[in-house]
Amino acid sequence: MMYDRHEAIYGALLQEYNVARLRKLNTERSARIAALKDRADAEKYVAEVRAKIAASFSLPERPANLKAQTVGVIDTPECRIEKIIYESRPDFPVTAHLYLPKDIASPVPAVLFLCGHAQEGKNCSAYQTGARTLAKNGFAVLLVDPISQGERYQFTNAANAQMVNGLCTREHNMLGKKLWLCDEFFGTWRAHDAICGLDYLLSRKEVDSSRVGVTGNSGGGTMTTFVQALDPRFTMAAPSCYVTSWKRNIENELPADIEQMPPGILGSGCEMGDLVLAYAPRPLLLLGQKNDFFDPRGIAETYEECRKVYKLLGAEENLQLFIGPTNHGYSVENRESMYKFFDLHAGIGKDASEVIVEVDVSTPPVSELCCAPGGQVVNLPGKKLVHDLVTEKLDEFAAGRKKADCAALKKLLTDKYGYQSTAAVPYCRILRAETENPNTQKMFVFSRFALETDPGIVTPLLLRDTKVDAAYNHFPAFEDLTLYVPHLGSAKELSDFTPVTPVAGVDVRGIGSAASHNCDLCSAGDFFYAYGVDYHYHACAVMFGQSTIHERLRDLLGAIAFVKSCGVKNLRLAARGQGCIIALFAALLNDDVISLKLFDAPESFDSMARADVTLWPWAVMPRGFLKYTDLPDMYDALKAENRLEIVNFCDNFFRSAL
């Protein structure tokens with residue numbers, strides 16, 4: 001989309017706001033680590049971060065029976081490959097390969113190998129090479145397909161599937177939105193699948209449970225880092241091309257997959273290094289790359305801080321760092337470092353020259369490697385996809401919800417979600433007025449104001465009076481005023497009609513003149529791009545234990561406080577599209593709002609979660625909201641007080657019902 005002169009005027013503020021938060025967190029955390037003086041201090045710190053990480057993930061109970069099946073066997077010169085299907089949830093299949101050394105005489109050490117964001121999942125040649133080499137060197141290895149990769153595509157038969165089009169990270173982000181409305185974090189689903197894989201691995205008589213490692217690269221490095229921080233049964237770990245620091249990621253404007261954003265983890269005071277320390281002093285090899293987008297400066301900094309804790313625990317040598325010479329990926333150099341590390345800590349005792357000899361893998365045809373019919377779990381009779389399990393949860397929530405009036409809904413929003421109902425009057429900057437469409441019959445003036453609604457955040461107001469040539473260097477005490485919350489930006493949306501009363505557009509953070517021009521190189525101006533600015537900065541808010549809704553409500557409530565302080569008597573709200581949700585919550589929360597008018601309103605959160613594909617962004621979705629209420633109930637509550645008019649609804653692709 002083309003930006004006009006009102007777009008992204010304050011385009012760097014949201015980036016710097018988040019950078020400042022991360023730097024403050026890192027300064028405080030570094031001071032805590034520097035204050036650790038002895039083993040007892042270190043053990044206390046490790047226990048604290050372990051509890052915080054567990055709370056962020058809230059893993060479900062694992063099934064007593066994985067219903068694991070061996071559905072085929074491939075013999076290779078260096079190992080036996082069993083094709084496995086197990087269930088991490090009832091009727092929810094996980095496909096995997098189990099690599100077993102030849103001629104096992106006694107239980108052998110094992111490795112859970114977790115795939116990165118390769119479309120082919122466990123069939124990726126780099127991962128097969130790693131798994132088969134480990135097997136040749138005496139390890140049992142379970143290589144697991146992640147959700148939406150390999151044989152576990154979730155949108156194969158979905159309507160509008162071309163919008164995710166078999167791209168695993170886009171599938172992940174779409175699934176993450178649905179799960180979020182059900183009070184679930186997609187990273188927990190991924191970690192749960194992996195830990196159930198560990199359960200299966202340890203159930204095998206060939207495996208020595210006292211020598212069990214986990215490794216993976218990129219997305220698999222993420223899961224390696226997560227699961228080793230969540231499960232004490234791993235005795236060693238080697239995450240590759242993930243560990244850096246969240247500070248570096250945010251400074252470098254690096255969005256990541258929805259599974260890589262643990263909710264509340266930053267708000268609890270943790271950094272990425274705390275995932276490393278969760279079960280310190282367990283042997284752990286940090287693997288990076290010299291030219292990785294996961295900044296190698298961050299992994300080096302994390303290593304040095306964590307090394308101090310390991311030293312206090314008397315096991316400094318257990319934490320190792322290797323930075324490969326190439327780009328993002330599980331390169332041969334990184335794999336060789338991993339082989340040697342696991343060999344050392346599993347006590348296999350081979351010569352280094354034997355350990356690092358890689359298997360020359362000629363990947364068999366996909367048809368030979370597949371576990372499920374046609375190479376996709378969707379073809380397994382009676383099995384379920386994520387969407388099926390989400391729908392079951394939505395039906396359960398819908399059956400249990402009760403109607404609520406405005407007072408009860410306000411209590412829900414304040415008590416359960418922590419949304420504020422008022423804000424302090426923000427400081428106001430008075431900007432120069434702008435004449436729109438000069439020398440034409442469509443000429444009018446925007447009077448411009450900028451409110452400091454958060455430290456480092458500016459919320460622009462664009463005032464359009466009924467007098468087309470009215471320009472103000474103060475905010476007038478109007479008898480009647482409408483505050484308008486736009487879908488994408490006030491300037492364009494308020495230019496499309498002539499108001500009957502004065503109206504002021506509120507560009508809440510990330511929208512319109514407050515839109516960010518950071519972190520947007522791949523989106524080509526598409527606000528709803530899967531990895532665009534809105535997604536990225538919402539992920540930052542989530543990791544701090546809040547949400548974009550919290551932040552945008554502060555902006556809107558600040559604007560309400562400001563105009564009321566200027567003498568406005570009758571205050572109304574209007575909104576379009578995604579702005580409708582912020583305006584709706586504000587109308588329920590704030591007693592100064594006498595009415596609300598919505599254009600292109602969303603039908604329901606339930607419809608967003610049930611749709612195969614929705615364009616409504618993650619940033620408008622309150623976590624677990626459907627457990628308690630939904631938009632239609634909120635609409636009805638305001639209508640019962642004669643405070644709501646809905647002009648029209650729009651669907652999951654922003655198509656208007658008009």
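A salt bridge here is a side-chain nitrogen of Lys or Arg within 4 Å of a carboxyl oxygen of Asp or Glu. Going by that cut-off, Arg248 and Glu301 pair up, with their closest N and O atoms 2.3 Å apart. The pair ties together distant parts of the chain, since Arg248 sits in helix 7 (residues 246-251) and Glu301 in helix 9 (residues 296-312), 53 residues apart. Helices (H or I, at least four residues) and strands (E, at least two) are DSSP runs, numbered from the N terminus. This is a predicted model, so local features need pLDDT of at least 70 and side-chain atom pairs count only at pLDDT 80 or more, while totals for chains, interfaces and linings use all residues. Residues are numbered from 1 along each chain as its sequence is written, and side-chain values use heavy atoms, with hydrogens and water left out.

The two partners differ in burial, where buried means under 20% relative accessible area, exposed over 50%, and partly exposed in between (1.4 Å probe, protein chains only). Arg248 counts as buried because its relative accessibility is 12%, whereas Glu301, at 34%, is partly exposed.

In total, the structure holds 49 salt bridges. Another of them links Arg211 to Asp208, with 2.8 Å between the closest N and O atoms, and both of these residues are buried. Glu206 bridges to Lys205 at 3.7 Å. Here Glu206 is buried, at 12% relative accessibility, but Lys205 is exposed, at 71%.

Turning to helix packing, helix 4 (residues 168-181) and helix 5 (residues 186-203) have axes that come within 8 Å and cross at roughly 110°. Axes are lines fitted to C-alpha atoms, for helices over the stretch in contact, and angles run from 0 to 180 degrees between N-to-C directions. The two helices are therefore roughly perpendicular (65 to 115 degrees). On the helix 4 side, His172, Leu175, Gly176 and Leu179 meet Phe186, Trp189 and Arg190 of helix 5, contact meaning heavy atoms within 4.5 Å. By class, four nonpolar, two polar and one charged residues make up this contact; Ala, Val, Leu, Ile, Met, Phe, Trp, Tyr, Cys and Pro count as nonpolar, Asp, Glu, Lys and Arg as charged, and the others, Gly among them, as polar.

Finally, Asn123 lies in the loop between strand 4 (108-114) and helix 3 (125-136). Asn123 is buried, with a relative accessible area of 11%. Leaving aside neighbours within four places in sequence, Asn123 touches His97, Gln128, Thr363, Val366 and Leu369.

Notes
Angles under 35 degrees count as roughly parallel, over 145 as roughly antiparallel, 65 to 115 as roughly perpendicular and the rest as oblique.
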